[in-house]
Amino acid sequence: MPNSQLTAVFYMVLSMVAYQISASFAKQLFTVLDPLTVVTLRLCFASVLIILMFRSWRIIKKLPELKWKDLLFYSGSVCLMNVLFYASLGRLPQGIAVGLEFLGPLTLALLSIKQKSDYIWVCLAILGVALMVPWQDAAAHHFSYLGAAFAIGAGVCWAVYIFYGQRVVRQNIGMHALTIAIVLSALVMLPISAIHNPTALIQTQYWGQTLLIALLATAIPYALDLMALKRLSKLSYGTLSSLSPAIGAIAGMFLLKEHISFWQSIALACIMLASIGVTVRASKQKNLIAD
């Protein structure tokens, strides 16, 4: 593998590690702040960071010309995805929450398969979900069905985010679309959190931690992803992204002292294998069409 690709792989792994560490830090904050407040503060700080990072004030003149229907669906999916994922983190071990959320984009990819032989990836994904749930004694394994519903809901929003993201890309506004989505999400969440728990938002002693979470979850990963995408194919990027559930489980183990069962580890492996398999298959299909 050329040095440029090795560097890109390093960037991607570092990006995923930063994001999963941010999720662990967010979960630690749940002992003093509710998930809704944490996600609101994160979005507010992230808005400022990415405006500065992408110099998004340059897009202001173009705002009236944009196709706002796609942008609003895109922004709504970003907002709801964040809220549901943080709600699931409050009820599930981090690795399980990430694994269940990952089913969203995986399902979207699975819907594109056309050959019967590819249904092995569907079976692996279903097996992963089946093994993820401790059917006999959920309480003993720190498993919440409501948390699982939140994580799957976040995954659905992730799939919607990908779908509308592909439409938004055609507007040729680059990463400014993400700026719009996060700023709109922050503007929506701020009044909701102010009504839900107004005193929590103004506890400034936690602002430093939420700023760090915003930095680790937004500014650093997106910057690293941009650098990685310049050097990696979509196949390599998609395959490496499949490591997210494992990195989430490892982050939860070391930072939160969370432990998942043997069968849940197998479940995460099934989901990751399904994701890698469908990514490779999709790449081969595109190559055949191109030829």
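Me: Why is G153 called buried in this predicted model?
Reply: Look at its relative accessible area, which is 19%. The cut-off for buried is under 20%, so G153 counts as buried. You'll find G153 in helix α7.

Me: Which residue is 49 residues away from G153 in sequence, and what is the C-alpha to C-alpha distance?
Reply: That's G104, and the two C-alpha atoms are 8.1 Å apart in space.

Me: What is Y11 in contact with, leaving aside its neighbours within four places in sequence?
Reply: Y11 touches L224, M227, A228 and R231. These count as contacts because heavy atoms lie within 4.5 Å. Now take V169: it is 158 residues from Y11 in sequence, and their C-alpha atoms are 23 Å apart.

Me: How do you know whether Q171 is buried or exposed?
Reply: Its relative accessibility is 16%. Q171 belongs to the loop between α7 (145-169) and α8 (176-196).

Me: Why is helix α3 described as largely enclosed?
Reply: Count its buried residues: 16 of the 22 residues of α3 are buried, so the rest of the structure largely encloses this helix.

Me: And how do you know that the span of α3 agrees with what a helix should have?
Reply: At 1.5 Å a residue, the 22 residues of α3 (residues 68-89) should span 32 Å. The C-alpha atoms at its ends are 31 Å apart, so the two values agree.

Me: What about helix α6, how does its span work out?
Reply: α6 has 14 residues, 119-132, and at 1.5 Å a residue they should span 20 Å. Its end C-alpha atoms are 20 Å apart, so that agrees too.

Me: Which residues of α6 are buried, and why are they said to be on the same side?
Reply: The buried ones are L124, A125, G128 and M132. Around the axis they cover an arc of only 100°, which means that they sit on the same side of α6. On the face turned away from that buried side, α6 carries the exposed residues C123 and I126.

Me: Why is R55 called partly exposed?
Reply: R55 has 47% relative accessibility. Buried is under 20% and exposed is over 50%, with partly exposed in between, so R55 counts as partly exposed. R55 is in the loop between α2 (35-54) and α3. Its phi is near 50°, a positive value in a residue other than glycine.

Me: What makes K257 exposed, then?
Reply: K257 reaches 63% relative accessibility. Exposed means over 50%, so K257 counts as exposed. K257 lies in the loop between α12 and α13 (262-290), and its phi, near 60°, is again positive in a residue other than glycine.

Me: E258 is in the loop between α12 and α13. Is E258 buried or exposed, and why?
Reply: E258 is at 15% relative accessibility. With the limit at under 20%, E258 counts as buried. Leaving aside neighbours within four places in sequence, E258 is in contact with K27, L92, P93, Q94, G252 and M253.

Me: What makes α4 largely enclosed?
Reply: Eight of its eight residues are buried, so the rest of the structure largely encloses α4. Those buried residues are Q94, G95, I96, A97, V98, G99, L100 and E101.

Me: How many cavities of 30 Å³ or more does the structure hold, and which residues line the largest cavity?
Reply: The structure holds one cavity of 30 Å³ or more. The largest cavity has a volume of about 40 Å³. Its lining is made of Q94, G95, A249, G252, M253, E258, H259 and I260.

Me: Which helix gives the most to that lining?
Reply: α12, with three residues. Both α4 (94-101) and α12 (244-256) supply at least two residues each. By type, the lining divides into three nonpolar, four polar and one charged.

Note on methods: Residues are numbered from 1 along each chain as its sequence is written. This is a predicted model: local features need pLDDT of at least 70, side-chain atom pairs count only at pLDDT 80 or more; totals for chains, interfaces and linings use all residues. Side-chain values use heavy atoms; hydrogens and water are left out. Helices (H or I, at least four residues) and strands (E, at least two) are DSSP runs, numbered from the N terminus. The expected span of a helix is 1.5 Å times one less than its number of residues. Buried means under 20% relative accessible area, exposed over 50%, partly exposed in between (1.4 Å probe, protein chains only). The arc is that of the directions from the helix axis to the C-beta atoms. On a 1 Å grid over the protein atoms alone, a cavity is a set of points where a 1.4 Å probe fits but cannot get out, and a pocket is an open set with protein on both sides within 12 Å along at least five of seven lines; lining residues have an atom within 4 Å of a point. Grid points are joined across faces, edges and corners, and a volume is the space filled by probe spheres set on the points. Ala, Val, Leu, Ile, Met, Phe, Trp, Tyr, Cys and Pro count as nonpolar, Asp, Glu, Lys and Arg as charged, and the others, Gly among them, as polar.
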